[in-house]
Amino acid sequence: MLQDTIAAISTAAVDGAISIIRMSGDAAIQIVDSLCSIDLTSKKSHTISYGFILDPITKEEIDEVLVSVFRAPKTFTREDIVEINCHGGRYVTKKILQLCLMQGARLAEPGEFTRRAFLNGRIDLTQAEAINDMILADSNESRKLAMHGIRGSVKKLLEPFIKNILDIIANIEVNIDYPEYDDVEMLSNEVILPKIQKWLSQIDQLLERAESGQMMKEGIKTAIIGKPNVGKSSLLNALLEEDKAIVTEIAGTTRDIVEGHIHLGGLTLNLIDTAGIRETEDVVEKIGIERSMKAIEDAQLIILVLDASRPLDEEDQQLMQMTENKTRIIVYNKKDLNQHIEGICISAQHHEIEPLIHEIHRLFDSHKIVIEEPVLANERQISQMMKAKKSMLSAVDAIAMGLELDVVEIDIQEAYTALKEILGEVHREDLLDTLFANFCLGK
């Protein structure tokens with residue numbers, strides 16, 4: 001498959017000033033040369049040439065272009081790459097791509113350029129994922145996290161952990177072949193076990209930072225909850241600064257989940273305005289309340305809205321008990337109707353919500369420190385790290401049970417493999433197929 005020359009449109013499929021058709025493979029220069037009014041075969045690497053794309057049969061000029069030539073191995077894919085910069089009309093862009101395919105190129109699959117960069121050793125798997133993260137970044141924080149990954153910071157982060165595992169394995173194997181310790185139990189408990197425990201302690205810190213990194217990258221799952229008619233939808237609209245949720249004085253207006261996203265000074269909140277939670281016989285409202293309960297379960301932050309104009313009742317108390325073990329902010333809305341409430345008081349209807357925003361920053365600003373340092377970037381990487389941790393915990397259990405060191409080593413070897421999988425140095429084809437299928441065409 002890597003012997004093919006692949007081609008794709010690397011810019012958005014819309015009318016614009018410029019479009020780029022990208023090709024990679026041994027025949028890339030030859031194919032474009034057969035379509036171009038200039039001789040590309042003699043062009044040096046990393047040069048741009050002006051000319052025309054010609055129909056190879058009729059010799060008709062198709063478009064005026066700039067052609068960039070990049071010769072292997074100093075390219076993104078470590079193969080010859082040619083990029084045709086043409087005018088950005090959809091018709092002319094597709095026409096040039098069709099001519100490239102007609103001359104022997106194959107249409108690239110989603111993410112295939114990046115996949116080739118990985119398979120040819122140009123980047124590791126975490127860098128490939130970071131490239132996609134950069135494309136999808138919708139905030140400065142997401143961009144910074146992606147930039148760490150592109151620079152290979154995750155690999156640098158993992159290298160000490162991989163080295164420490166290899167040191168432990170070396171200790172075991174050397175003492176199996178050339179026993180330094182007469183007492184295997186002493187070796188297990190005084191040498192191997194402390195090394196594993198230190199490793200596990202450092203891994204816990206890494207996983208904690210990874211959780212913060214996920215919040216900064218993907219946003220904080222935030223559920224706005226409360227009884228009907230306390231102002232949840234008004235608060236959502238105030239945070240979003242738009243009328244996304246319907247607001248009326250009729251209790252139970254919101255019957256389903258309403259979502260929105262906001263950026264607050266480096267924090268992204270994925271907001272969910274839930275249906276008011278109460279006892280009801282209305283079938284549709286019941287479904288909305290069930291979804292609200294699921295949103296509460298999944299939320300990383302609960303904003304519990306109470307009505308400052310009325311005394312708290314049994315339903316309010318139930319909601320407070322239901323969320324007491326969650327990270328939450330209790331907000332008293334309608335402060336204009338009661339000036340004597342203590343706590344975080346707002347008026348969502350009048351967009352007076354500054355105390356709530358300050359409290360959100362107080363709770364979550366500490367997570368922003370991860371933006372300045374490398375962290376595990378996604379669920380795949382985190383799950384592999386947790387798999388490595390589980391294997392090392394199994395090794396601790398094996399030592400506690402007094403099992404032979406060669407049995408203990410099996411668990412440690414599994415931890416080592418899990419870390420190498422994060423970097424893609426051990427990989428499965430089905431994993432790569434799934435991962436790169438999420439990339440855009442032409443990247």
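The lining of the largest cavity comprises 5 nonpolar residues, 2 polar residues and 1 charged residue, where Ala, Val, Leu, Ile, Met, Phe, Trp, Tyr, Cys and Pro count as nonpolar, Asp, Glu, Lys and Arg as charged, and the others, Gly among them, as polar. The model is predicted, so local features need pLDDT of at least 70 and side-chain atom pairs count only at pLDDT 80 or more, while totals for chains, interfaces and linings use all residues. Residues are numbered from 1 along each chain as its sequence is written, and side-chain values use heavy atoms, with hydrogens and water left out.

**Cavity and pocket**

- The structure holds 1 cavity of 30 Å³ or more; on a 1 Å grid over the protein atoms alone, a cavity is a set of points where a 1.4 Å probe fits but cannot get out, a pocket is an open set with protein on both sides within 12 Å along at least five of seven lines, and lining residues have an atom within 4 Å of a point.
- The volume of the largest cavity is about 40 Å³, a volume being the space filled by probe spheres set on grid points that are joined across faces, edges and corners.
- Leu-145, His-148, Gly-149, Val-154, Glu-373, Pro-374, Val-375 and Ala-377 line the largest cavity.
- Helix α5 (residues 140-150) provides the largest share of that lining, 3 residues; helices (H or I, at least four residues) and strands (E, at least two) are DSSP runs, numbered from the N terminus.
- The second largest pocket has a volume of about 250 Å³, and its lining divides into 3 nonpolar, 4 polar and 5 charged residues.
- At least two residues of that pocket lining come from each of α4 (125-136), α12 (379-400) and α14 (429-437).
- Among the residues lining the second largest pocket are Glu-129, Lys-217, Arg-380 and Phe-439.

**Salt bridges**

- The count comes to 19 salt bridges, a salt bridge being a side-chain nitrogen of Lys or Arg within 4 Å of a carboxyl oxygen of Asp or Glu.
- Glu-79 and Arg-116 form one of them, at 3.0 Å from N to O. Glu-79 lies in the loop between β4 (61-70) and β5 (81-88) and Arg-116 in helix α3 (residues 112-119), so the pair ties together parts that are 37 residues apart in sequence.
- Both Glu-79 and Arg-116 are buried, where buried means under 20% relative accessible area, exposed over 50% and partly exposed in between (1.4 Å probe, protein chains only).
- A network of salt bridges links Asp-4, Glu-79, Arg-106, Glu-112 and Arg-116.
- Glu-373, a lining residue of the largest cavity, meets Arg-209 in a salt bridge of 2.8 Å, N to O. Because Glu-373 lies in the loop between α11 (354-364) and α12 and Arg-209 in helix α7 (residues 184-218), this pair ties together parts that are 164 residues apart in sequence.
- Glu-373 is partly exposed at 23% relative accessibility, and Arg-209 is partly exposed at 26%.
- Glu-359 and Arg-362 also meet in a salt bridge (2.8 Å, N to O); they are 3 residues apart in helix α11 and therefore separated by about one helical turn.
- Within this pair, Glu-359 is buried at 17% relative accessible area, whereas Arg-362 is exposed at 59% relative accessibility.

**Burial and surface**

- Helix α8 (residues 232-240) has 9 of its 9 residues buried, so it is largely enclosed by the rest of the structure.
- The buried residues of α8 include Lys-232, Asn-237 and Leu-240.
- Ala-28 is placed in helix α1 (residues 28-33) and counts as buried at 0% relative accessibility. Its C-alpha atom is separated by 9.4 Å from that of Glu-83, 55 residues apart along the chain.
- Ile-48, located in strand β3 (residues 47-54), counts as exposed at 60% relative accessibility.

**Backbone features**

- Most residues other than glycine have a negative phi, and most peptide bonds are trans.
- Ala-72 and Pro-73 are joined by a cis peptide bond with omega of about 5°, and Pro-73 is placed in the loop between β4 and β5.
- His-46, in the loop between α1 and β3, has a positive phi of about 60° although it is not a glycine; His-46 is partly exposed at 47% relative accessible area.
- Lys-334 has a positive phi of about 65° and is found in the loop between β11 (328-333) and β12 (344-345).
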